[in-house]
Amino acid sequence: MSSVAGEFELIAAIRERIARAGGPETSTALVLGSGDDAAITVREGATATSVDALVEGVHFTIPPFSPRQVGHKALAVALSDLAAMGAGAGEAYVQLGVPADRSEAELLEIADGLAELAALHGVAIAGGDLSRAPSLLLAVTVVGGGADVDALVRRSGARAGDLVAVTGELGGAAAGLLLVERPQLRPQLDPGVAAALLARQTEPSPRLAAGAALAATGATAMIDISDGLGADAAHLASASGVGLEIELESLPVQTGVAAVAEAAGVDPLDLAASGGEDYELLATLAPERIEAAGDAVAATGSSLSVIGRVSAGPGVTLSGPGGPRAPDGFDQLRYRRAPGDPA
């Protein structure tokens, strides 16, 4: 790699950055971390493992994303999958593909973004791999778990009569993407509101504590909202063999989404229901469990809003002003313009 130090020197520098932010000792299961041929972990209970990847030109461009934000987001989206099962987070393994035109400073900044979020959630970056690639790639494997298999929430447990609820607020990441793509919209917003929307797109927060709270209070099924509320609701409904009836007017929409939608000439409910990348949690719970679940989620600093109910099915119904809408969302195999590319 002509623009960076040698492979081993770069790995050593990245390892130093990660150790400075928290290091492998954050994971109670980790016995041997980065620096050997393989990591060694010893844990009790059930293990949950997930893999996610961000690819330059598909999921981001630098700029407008900073390298630190790319590192943060790559780990955040992987951890969100553990949150959706109510799993605790343990270790992360990072595959970094580097094109020849990336500088050492940029790669170390990516490591900083990974390390800062890992330290915040007690995650050990326990190893990975570095290789040349035609475009920048971060593939992150995360490992966590629960006390036993039954402690982990699947997509397949929703039952007719359950209520449908969502954590936090929706639409912020999609509105933030519009602000990334169309910076001329930003002066029309309060600077604090614009910054919060941009942060939902560039630096999402995995809802690990909220997921654990929902699992502990009886969530019957759960999924994170990555592809859009409509699409992810359809995934959950299909896995559970039920229907979901969602009232769009009940959606908790983030402040500023309506203003961005108006400025961009789009429907704010489309941003909230189809935009995706909010990484909130969609859960189903028995009606008698909702109050306790709401209190437990509130104790984590988030909120829980009831947005519908589970029916005998099949499929997803999104009801709102003007009639029902299709449960749309992002499909990874469809073409998607990267943030910052010309509109």
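Predicted model: local features only at pLDDT ≥ 70, side-chain atom pairs only at ≥ 80, totals over all residues.
Local features require pLDDT of at least 70, side-chain atom pairs count only at pLDDT 80 or more, and totals for chains, interfaces and linings use all residues. Residues are numbered from 1 along each chain as its sequence is written, and side-chain values use heavy atoms, with hydrogens and water left out.

Helices (H or I, at least four residues) and strands (E, at least two) are DSSP runs numbered from the N terminus; two strands are taken to pair if DSSP finds at least two bridges between them. An open sheet with mixed pairing is formed by four strands in the order 3-6-4-5. Strand 3 (46-55) and strand 5 (124-132) stand at its edges with a single partner strand each, so one side of each lacks a neighbour in the sheet. Neighbouring strands are turned by 15° against each other on average, direction ignored; axes are lines fitted to C-alpha atoms, for helices over the stretch in contact, and angles run from 0 to 180 degrees between N-to-C directions. Strand 3 pairs with strand 6 (residues 137-146) in the antiparallel sense over 10 bridges, and T47 has G145 of strand 6 as its bridge partner. Helix 2 (residues 67-83) packs on this sheet, touching strand 3, strand 4 (88-98) and strand 6, where contact means heavy atoms within 4.5 Å. The direction of helix 2 makes about 35° with that of strand 6.

Six strands form an open sheet of mixed pairing in the order 8-10-7-11-9-12. Its edge strands, strand 8 (221-224) and strand 12 (315-319), each pair on one side only.
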